[in-house]
Structures are given as C-alpha cells and as structure tokens.
Amino acid sequence: MTRLLTVDAELMTGTIIDRPNRFVVRVRFGDTRERVFLGDPGALEGIVEPGYKIICSPVNDSDRSTDYDAIAVFVGDVCVSVRTTLANDLFESGIRGDAISVFDGYKLEEREPSLPDHGRTDFRLITPNNTTAYVEVKSCTCIDNMIAKFPDRQTERGRRHLRSLQKLHNDGYESHIVFVVQRPDVKRFQPYRDVDPEFADLLANVQESGVEVHAIVTAFEPPHYRLQNNDLSIELN
C-alpha cells in the first residue's frame, strides 16, 4: 500500500467515556479524564462509543478548551480515522504521488480555489490535456455490511456541493467528487439513502449528466496513513 501521510505528533491511547456534544469526546487516560476535540461532526454511530479505544494527540494551545485532538478509534481490530479535514490532505498526497489511477497524469494547481461564479471547492487540477478540472472531496467513515456509506447525517452542504459540480460541468469544466473512506474494512461505496435520500438522488443525477464520482480507501496504521484501494467500486442506488 502506498504511504500517503505520517503523523509526526505524539500519539496516546485512551478509552472513550462519552460524547457530550458533536465536537467533544471525554476520554480516560489511565487515572485521568480529559476533554478531547473531535474533528468529525458526523453521527459516528458504532465508532465513537463508550469503552472503545481512541488514539489522541496532545495539543499545547492556551486558547483552546481541549488539550487533545482525536485521531482514530479502534472498532474491534479496525482503526478508523476520525479527522474529516484529513481527507483533503490524503487526496492531495495521492495526486502528488500519482497514486490514484483515475487521476493519472493530473497535476494539482490550487487548493480551495474560488469558483468562476461564486463559492469555493476543494481542488483545481490540470488534466493531462492541459484543461481545468474541479474536485470536491468528502470524508466517509460509516459502513454497513462492509459497504461504505455517505452521509451519516443529512447534509445540505453536501447537496449544495453536488449542485455546484453540476453547474461547473454544464459550464464546460471537468468535475469530480471523491469519497475518501478513512477505514480499510470496505468492499464498495453507496450513498446512504436512508439518511439523506435527496443527496442519493442528486449524486445519481449528477453522475448521469457527466460529473465523475469516485471513492478511494485509506488505512491508518499508526503513525502512517496508506492508500489501500485507489478505485473502490461504487453503487448508486
């Protein structure tokens, strides 16, 4: 598996006590209890659960109300990354290393570029034909029977991004959405229709009209993140 990133910070393992709100997990480290920042606001059912082992990194910042960041949670023997924003870093590393087959020959031009009309997207790439391609990246950690599913909460923001990609395509730009599955125990990807049927319908519609839909799988083997599957099978329901 291709190495994408390495965590340079100190890593500590604790036990989840509870999750008092979307962005905080209370964790026991030995005899002490600490509030830990959780950078993934998703539902995370079956992942952030009391008693599960969690990998955290200490943070020295007097302006913060938490002294640790949540890095990953062990679900049985599977290490699940819980850093939503890391999906963009993982994708960028894959592009720079020519590790994602569907983007072979593409080059990174800009991260978080402004769009021609308004708003931003995650990446602007230069295609092998020297044209422009826009990419939106989504982090996925929810699975059901080894099927990766997104989203695990309703997402108006995600639906807005799909509409933006559709407009870019209509305006003549190559456009992509990439789901970065941050756990290795998956066989294919589906939109989570039971959670957000409108997103599932939109995803199918934009793909049919020409927006390209991809999924890749990463694995966290502390302290390294690796690319396990650069072209996960997708099933739009």
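**Exercise 1.** In this predicted model, work out how α2 passes α3: is the crossing left-handed or right-handed? Then find out how the two helices are oriented to each other.

*Solution.*
- Start with the handedness: the crossing of α2 past α3 is left-handed.
- Next, find the helices. Helix α2 covers residues 156-170 and helix α3 covers residues 197-209, and their axes come within 10 Å, crossing at roughly 15 degrees.
- Angles under 35 degrees count as roughly parallel, so α2 and α3 are roughly parallel to each other.

**Exercise 2.** Which residues of α2 and α3 meet, and what kinds of residue are they?

*Solution.*
- On the α2 side, look for G158, R159, L162, R163, Q166 and H169.
- Across from them, α3 brings in E198, F199, L202, L203, N205, V206 and S209.
- Sort the residues of this contact by type and you get five nonpolar, five polar and three charged.

**Exercise 3.** Now for the open sheet of four strands: what is the strand order, and which strands stand at the edges?

*Solution.*
- The order reads β11-β12-β14-β17, and the pairing is mixed.
- β11 and β17 (233-234) each have a single partner strand, so they stand at the edges, with one side of each lacking a neighbour in the sheet.
- Zoom in on one pair: β14 (residues 188-191) and β17 run parallel and are joined by two bridges. F189, for instance, has I234 in β17 as its bridge partner.

**Exercise 4.** Where is D144 found, and how far is its C-alpha atom from that of D63?

*Solution.*
- D144 sits in strand β11, residues 142-144.
- With a relative accessible area of 31%, D144 is partly exposed.
- D144 and D63 are 81 residues apart along the chain, and 39 Å separates their C-alpha atoms.

Notes
Residues numbered from 1 in each chain as written. Predicted model: local features only at pLDDT ≥ 70, side-chain atom pairs only at ≥ 80, totals over all residues. Heavy atoms only, no water. Buried < 20%, exposed > 50% of the residue type's maximum accessible area, 1.4 Å probe, protein only. Axes fitted to C-alpha atoms, helices over the stretch in contact; angles between N-to-C directions. Parallel < 35°, antiparallel > 145°, perpendicular 65-115°, else oblique. Left-handed = near helix turned anticlockwise from the far one by under 90°. Contact = heavy atoms within 4.5 Å. Nonpolar A, V, L, I, M, F, W, Y, C, P; charged D, E, K, R; others polar. Pairing = 2+ DSSP bridges.
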